[in-house]
Amino acid sequence: ALNFAYRGTEAIVIPAFNKKIAETQCVNCGQCRVYCPTGAISIKTHMDEVWEALADPDVRVVAQIAPAVRVAVGDHYSLPKGRSVMGKIVNALHRMGFDEIYDTTFSADLTIMEEGSELLERLPEIKESGLPMFTSCCPGWVKFVKSEFPEMAGRLSTAKSPQQMFGAVMKTYFAEKLGVSPEKIYTVSVMPCVAKKSEREMDLYYGEYAGHDVDAVVTTRELLRMIRAAHIEPSTLVDQESDRPMQEGTGAGVIFGATGGVMEAALRTAYYLLKGENPPADAFQAVRSTGFNEHQGVQEAVFQVDDVTVRTAAVSGLGNARALIDKIERGEAQYDFVEVMACPGGCAGGGGQPIHDNLELAKERGDVLYELDAENEIRFSHENPAVQELYRSFLEKPLSHKSHELLHTDHSLGI
């Protein structure tokens with residue numbers, strides 16, 4: 001999307017042929033902002049809209065916090081590295097005036113229930129066609145494959161991302177439980193990802209309600225600016241729990257923020273759906289990325305469950321994704337399930353994360369997410385009690401008609 005133009009002292013970085021950035025191959029990942037040596041690139045902000053919603057007494061403002069955010073905010077404030085500061089973020093948002101704050105790991109577990117079930121349902125066709133099912137959690141990757149390899153768009157999972165699933169459930173099931181009109185609920189996502197800002201344009205149609213799953217997205221960097229604008233001193237923040245009923249999240253949901261995490265979480269639940277019993281929680285560690293360059297950015301693994309063989313690849317970075325798809329289309333590689341994250345290291349290295357000059361912290365942050373998974377009492381998405389209750393009382397089961405209506409999308413339309 002960006003490259004050098006002109007020569008010598010006249011050299012500048014711009015889109016080719018003087019195009020606007022929106023007219024290029026840009027996928028909205030925000031990595032240009034991370035690596036811009038002059039800080040000249042800025043990201044569109046939704047902070048003003050969020051402050052306006054918080055000031056409106058007739059609007060119920062709810063937030064969700066993505067897994068990768070909790071291990072990046074502490075970096076900025078020089079808090080002890082290697083720990084989650086989720087409780088302090090919840091405290092800060094409550095002080096700003098948010099009515100409820102939820103953990104996106106809940107909807108990550110919900111995503112796994114749908115995506116893991118979809119993988120098993122599509123597996124016979126996958127084996128017959130020789131083409132994989134791709135994950136669809138990363139909007140930068142989704143936009144990339146639709147624009148660069150449209151013939152592969154049908155291979156994407158139809159499951160919405162955790163961000164969108166949260167909004168859909170908030171404005172239907174929980175709106176009904178709370179007795180609040182969906183139009184009076186303003187959903188804010190705190191994300192490590194810039195591409196989530198464009199993903200929020202997805203529409204939700206349910207009953208008589210027509211609107212967006214998510215109303216506004218603020219990045220981790222924007223969150224830090226909001227904390228400063230609210231004159232909140234981080235050292236005064238004490239841990240607070242996120243709100244119920246979407247408080248529960250599993251270790252599987254937490255690792256969504258690291259490359260390979262979505263696949264590992266999905267395989268844990270797919271194994272259970274196949275066998276009726278849990279695998280060892282760390283049985284699928286082989287999908288975890290060891291690095292993010294052109295030599296390490298594709299992590300391949302093969303798993304055998306009874307008579308079912310699942311060939312997987314976890315890809316970090318769109319350059320690696322392009323090379324992998326080229327190999328698939330030439331018949332040089334064959335997989336059943338492929339995870340792609342646009343940003344190096346996944347969400348932990350997202351374009352909305354705090355920037356530290358000359359430091360790459362994606363691997364370090366991802367390692368913390370895996371540590372949080374290992375410490376979690378529940379490490380399988382299908383064991384999340386809040387998710388189980390949601391299916392019992394509202395969605396019925398994964399891939400039900402209502403689940404498709406709320407939690408899935410048609411990739412031939414929209415973003």
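Modeller: Sorting the lining of the largest pocket gives 22 nonpolar, 11 polar and 5 charged residues (Ala, Val, Leu, Ile, Met, Phe, Trp, Tyr, Cys and Pro are nonpolar, Asp, Glu, Lys and Arg charged, the others, Gly among them, polar). This is a predicted model, so local features need pLDDT of at least 70 and side-chain atom pairs 80 or more, while totals for chains, interfaces and linings use all residues. Numbering starts from 1 along each chain, and side-chain values use heavy atoms, without hydrogens or water.

The pocket's volume is about 1,100 Å³ (the space filled by probe spheres on the grid points). A pocket here is an open set of points on a 1 Å grid, with protein on both sides within 12 Å along at least five of seven lines, for a 1.4 Å probe; lining residues have an atom within 4 Å of a point. There are 38 of them, and Leu2, Ile21, Cys26, Gly30 and Cys32 lie nearest the centre. Two or more lining residues come from each of β1 (3-5), α1 (31-35), α6 (139-148), α9 (196-199) and α13 (318-329) (DSSP runs, helices of at least four residues, strands at least two).

On to the packing around α10, residues 220-229. Ile89, Ala92, Leu93 and Met96 of α4 touch Leu223, Met226 and Ile227 of α10 (heavy atoms within 4.5 Å). That contact splits into 7 nonpolar, no polar and no charged residues. With α2, α10 uses Glu222, Arg225, Met226 and Ala229 to meet Met47, Val50 and Trp51, giving 5 nonpolar, no polar and 2 charged.

Terms used:
Axes fitted to C-alpha atoms, helices over the stretch in contact; angles between N-to-C directions.
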